[in-house]
Amino acid sequence: MSTAAAPVRSGAVLADLLPAARHRYAVDAALVLGGAALTGIAAQIAVPVPGSPVPVTGQTFAALLIGTALGARRGFLSLALYALVGMVGMPWFAEASSGWSMPSLGYVFGMLLAATVVGALARRGGDRSVLRTAGTMVLGSAIIYAIGVPYLALSTGMSLSAAVAAGLTPFLIGDALKAALAMGLLPTTWKLLGRRG
């Protein structure tokens, strides 16, 4: 069976299109490691936000793309590896930080859950059309904030409204741009792969 037929197969994600019949575990391990590394690299694209301990980064975009491209299981493992290695000292969180004590660590936990959820949605076609991708990205971003903002409030002693002002509101325009990029990228990739068959 050729891999070109995979786009029409129900329950497939982009990573399932890789030919790996005899080496599936090695390919999965490479995808998980690559996803963690990509998230770490994207986290270094960071722009400080005045008045907020949380910078704008490419990390959330990478986490959501990894979840949709790899699926729930590999997406979870990739972000879990990223989180664990960063917490034990690898300086690949935003702005080359690491450890347990960052006020932005809740966003990392949120990314882990979001990658899992968007990966499950991608298996159900959540990345195959512009509108579905928009919904998938919005839900993934909402999950990240639902964990990250309360964690920010608890870790800094901010009120919840102050944490929303510092850890959510300044990022909405950037998240809309990231969602728009994903809305173009993911469905287009599926269409291109479908045309190969």
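I take a pocket to be an open set of points on a 1 Å grid over the protein atoms alone, with protein on both sides within 12 Å along at least five of seven lines; a lining residue has an atom within 4 Å of a point. A cavity, on that grid, is a set of points where a 1.4 Å probe fits but cannot get out.

**Entry 1: the model.** I note that the model is predicted, that local features need pLDDT of at least 70 and side-chain atom pairs count only at pLDDT 80 or more, while totals for chains, interfaces and linings use all residues. I number residues from 1 along each chain as its sequence is written, and side-chain values use heavy atoms, with hydrogens and water left out.

**Entry 2: the second largest pocket.** I looked up its lining and found Leu14, Ala15, Leu17, Leu18, Leu31, Gly35, Ile66, Ala69 and Leu70. Two or more lining residues come from each of H1 and H2; I name helices (H or I, at least four residues) and strands (E, at least two) as DSSP runs numbered from the N terminus. H2 gives the most, with 3 residues. The space in this pocket is about 160 Å³, where a volume is the space filled by probe spheres set on the points, and points are joined across faces, edges and corners.

**Entry 3: the cavity.** I searched the whole structure and recorded 1 cavity of 30 Å³ or more. The largest cavity has a volume of about 300 Å³. Its lining has 24 residues, and Pro55, Thr57, Thr60, Tyr107 and Met111 lie nearest its centre. Strand S2 (56-57), H2, H4, H5 and H7 each give two or more residues to this lining.

**Entry 4: the nonpolar core.** I define such a core as buried Ala, Val, Leu, Ile, Met, Phe, Trp, Tyr and Cys residues joined through side-chain atoms within 4.5 Å. Buried means under 20% relative accessible area, exposed over 50%, and partly exposed in between (1.4 Å probe, protein chains only). The largest core has 50 residues, and Leu14, Leu79, Tyr82, Phe93, Tyr107, Val108 and Met111 have the most contacts inside it. Helix H1 (24-43), helix H2 (59-70), H3, H4, H5 and H7 each supply at least two of its residues. H4 contributes the most, with 9 residues.

**Entry 5: aromatic pairs.** Rings of Phe, Tyr and Trp (its six-membered ring) pair if their centres lie within 6.5 Å; planes under 30 degrees apart are stacked, over 60 edge-to-face, and the rest tilted. I count 4 aromatic pairs. One of them, Tyr82 with Trp92, is tilted, at 5.3 Å centre to centre and 45° between the planes. Tyr82 belongs to helix H3 (residues 72-87), whereas Trp92 is in the loop between H3 and helix H4 (105-123), 10 residues apart. Tyr82 is buried at 0% relative accessibility, and Trp92 is buried at 13%. Tyr107 and Tyr145 form an edge-to-face pair, 6.3 Å centre to centre with 90° between the planes. Tyr107 lies in helix H4 and Tyr145 in helix H5 (residues 130-156), so this pair ties together parts that are 38 residues apart in sequence.

**Entry 6: Asp175.** I located Asp175 in helix H7 (residues 172-196). Asp175 is buried, with a relative accessible area of 13%. Leaving aside neighbours within four places in sequence, Asp175 is in contact (heavy atoms within 4.5 Å) with Thr60, Ser141 and Tyr145.
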